[in-house]
Amino acid sequence: MVGELRNLLTERCLGFTLGDTNTPFYQGQYLVDTRDIVFVTMNYRVNIFGFSGAPGETQNVGLLDQRKAIEWVRDNIAGFGGDPSRISIMGQSAGGTAVDYYSYAYKHDPIVAGLISHSGTALSFKPNTANFTQTNFLSAAALLGCKGSAVVACMREKPFAAVLNASAEIKPLPSLALPQPVFHPTVDNITVYADYTALAAAEAFAKIPYLAGNTDEESGYYRISAARQKITLIDQQWRLFDLEGFTCATGKETAARARAGVPVWRFRYFGDWPNLRLYPGSGSYHGSDLHMIFGGIEDIVGSGLPNNIYENRTMEYMMRAWAVFVDDPKSGLSTRMHWPRYDPRRNTLARLGYRMDPRASFVAPAVYDGACPKNNSVAEAQGAF
């Protein structure tokens, strides 16, 4: 995403999203229609193929895929009218976590100029231990008759679908709320680390501008999955789920950047629009904020209801804000959108779509962070990622 044409930009910036889909929504079509943008999206390996735990093999190759893609963009985007010195990466949910992981893994050579995390940071859940992921891999391999010293070579000979089906047979790790996938980021101390709280305190991240936030009711989305799995949680448990995985994790990561003097902005999205509701009371659920950045609601929502005027104005405002950040990550939101840089002690948390106001309003983070658990637990939120 980049700055708008009406701001008379002379160079293009680059928006880069960590995601995978073929819809115009994620391709950035509606964003680029009205802005001077070079937009790139990518695929990367997931599940057992991206986070295998295979003994003796490189771990977290799904995250390495992302790095390779960013390197390709740096080396080639000028041929598409882009500026390799003005790359920002953006991700949502696991993608938001991946963006934050990236800032720790490549703190000395980040390539990118800006980071954007929606509903996910490095503190949102605990990654797998190497031993746990390896055990899962060996269990899946045994289902396909692969054992012993040649287990990896044996698995490489198996059809893709067979490996995928075998991985699906491994029971998910239970959490207090929702079961979590067994093949996901694993501690290797190269791309993924065991203690991000300590790393954040040590300021061991890339000192580049960061825009991060989450929705007000993330669990509105996850309640559907829970119901399908016959998991019943009371509202207090869902509130803790939202706090641990999203509100508190985002608050801690943005506070660490602020302490380090890094330009950082934090948002909380409240939009609850009739044509985006999953069910009565779904609220500003996980992922609903992306519609404000990418538009294209008619492509992916079957409600048949048109956008209302406040929804459109909020969308226009957020599109502009994100484009301004990418155009000038260091100060654009402050100088052109009048957003104060984030300071946990001041009224600097931007509320977006709050009571249908299309503009940002700013409150003290403690309004929402005050209920955060003191023990830094993410047990309730493990199944969200």
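Trainee: What span should the twelve residues of helix α5 have, and what do its end C-alpha atoms show?

Mentor: Helices here are DSSP runs of H or I with at least four residues, strands are E runs of at least two, and both are numbered from the N terminus. The expected span is 1.5 Å times one less than the number of residues. For α5, residues 94-105, that gives 16 Å, and the end C-alpha atoms are 16 Å apart, so the two agree. Keep in mind that this is a predicted model, where local features need pLDDT of at least 70, side-chain atom pairs count only at pLDDT 80 or more, and totals for chains, interfaces and linings use all residues. Residues are numbered from 1 along each chain as its sequence is written, and side-chain values use heavy atoms, with hydrogens and water left out.

Trainee: Is α5 mostly covered or mostly uncovered?

Mentor: Buried means under 20% relative accessible area, exposed means over 50%, and partly exposed is in between (1.4 Å probe, protein chains only). In α5, eleven of the twelve residues are buried, so the helix is mostly covered by that cut-off. Among them are Gly95, Asp100, Tyr101 and Tyr104.

Trainee: How many helices and strands does the chain have, and what radius of gyration goes with its 385 residues?

Mentor: You'll find 16 helices and eight strands. The radius of gyration is taken over C-alpha atoms, and the globule rule is 2.2 Å times the number of residues to the power 0.38. A compact globule with 385 residues would come out near 21 Å; this chain has 21 Å, which agrees. Its C-alpha trace spans about 60 × 50 × 45 Å along the principal axes, and buried residues make up 55% of the chain.

Trainee: What share of the contacts in the chain comes from residues 24 or more positions apart?

Mentor: A contact means heavy atoms within 4.5 Å. If you take the contacts with a separation of 6 or more, residues 24 or more positions apart account for 73%.

Trainee: Which residues is Ser167 in contact with, leaving aside its neighbours within four places in sequence?

Mentor: Ser167 sits in helix α8, residues 160-168, and is buried at a relative accessible area of 5%. Its contacts beyond those neighbours are Asn47, Ile48, Ala140 and Phe183. Now look at Asp343, in the loop between α15 (332-337) and β7 (349-352). Asp343 is buried too, at 14%, and touches Thr348 and Pro365 once neighbours within four places are set aside.

Trainee: Where is Leu305 found, and is it buried or partly exposed?

Mentor: Look in the loop between α13 (297-300) and α14 (309-327). Leu305 has a relative accessible area of 47%, so it counts as partly exposed. Leaving aside neighbours within four places, Leu305 is in contact with Pro274 and Asn275.

Trainee: What phi does Asn189 have, and what about Glu203?

Mentor: Most residues other than glycine have a negative phi. Asn189 is not a glycine, yet its phi is positive at about 60 degrees; find it in the loop between α8 and α9 (196-201). Glu203 also has a positive phi, near 55 degrees. Glu203 lies in the loop between α9 and β5 (210-215) and is partly exposed, with a relative accessible area of 32%.
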